[in-house]
Amino acid sequence: MNKQLQEQFVTLLEENQNIVHKVCRLYTNNQDQHNDLFQEITIQLWRAFPKFRGDAKFSTWMYRVALNTAITLYRKSKRTVQTQDFDSVMFRISSEDYDDTIEQQLKLMYTAVKKLNDIEKALVFLYLEDKNYKEISETMGITEVNARVKMNRVKGKLKKILNP
């Protein structure tokens with residue numbers, strides 16, 4: 001890879017690295033796993049970057065590579081490792097005015113999303129990132145209609161998980 005392409009990659013990665021961190025958070029349970037996945041996604045982005053043609057936005061392409069890497073990596077491992085959950089290491093500052101309703105709802109949502117399969121997690125992630133169905137379909141490599149159908153099924157599945 002030439003120097004100009006390397007600089008372009010580094011700049012784009014720095015500008016969009018939050019995408020990778022969000023994917024890592026969705027597919028991992030602790031900081032070590034997060035760091036490992038972040039590194040693997042970065043390596044895959046680096047390898048694939050010379051083939052990036054710019055047909056889609058860089059961020060859309062980055063979502064696709066990151067999600068595919070996360071899904072592939074965790075399908076290959078297929079192992080269940082006991083890990084420490086993020087919640088057990090979070091520190092809270094107590095306050096009389098503190099209302100943790102939203103935090104509790106987010107925890108319930110993350111718990112429910114973690115019960116979904118890898119493809120469903122990716123779909124929910126992109127949906128929660130305010131991506132429209134056209135962007136979701138481009139990122140996941142499916143039709144826009146298929147994205148809508150899958151999302152409706154996932155919504156139903158989440159309702160059942162959250163309200164058994």
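This is a predicted model: local features need pLDDT of at least 70, side-chain atom pairs count only at pLDDT 80 or more; totals for chains, interfaces and linings use all residues.
Local features were considered at pLDDT of at least 70 and side-chain atom pairs at pLDDT 80 or more, whereas totals for chains, interfaces and linings use all residues. Residues are numbered from 1 along each chain as its sequence is written, and side-chain values use heavy atoms, with hydrogens and water left out.

The structure holds 6 salt bridges, each defined as a side-chain nitrogen of Lys or Arg within 4 Å of a carboxyl oxygen of Asp or Glu. One of them joins Lys22 to Glu129 at 3.1 Å, N to O. Lys22 belongs to helix α1 (residues 3–27) and Glu129 to the loop between α5 and α6 (133–140), so this pair ties together parts 107 residues apart in sequence. Helices are DSSP runs (H or I, at least four residues), numbered from the N terminus. A salt bridge is also formed by Lys157 and Glu120, with the closest N and O atoms 2.9 Å apart. This pair links helix α7 (residues 144–162), which holds Lys157, with helix α5, which holds Glu120, 37 residues apart. Glu120 is buried, with a relative accessible area of 15% (buried, under 20%; exposed, over 50%; partly exposed, in between; 1.4 Å probe, protein chains only).

Leu126 lies in helix α5 (residues 118–128) and is buried, at 0% relative accessibility. Beyond residues up to four places away in sequence, Leu126 touches Tyr63, Leu67, Lys131, Ile136, Thr139 and Met140 (contact, heavy atoms within 4.5 Å). The C-alpha atoms of Leu126 and Ile136 are 6.3 Å apart.

Notes
Helices (H or I, at least four residues) and strands (E, at least two) are DSSP runs, numbered from the N terminus.
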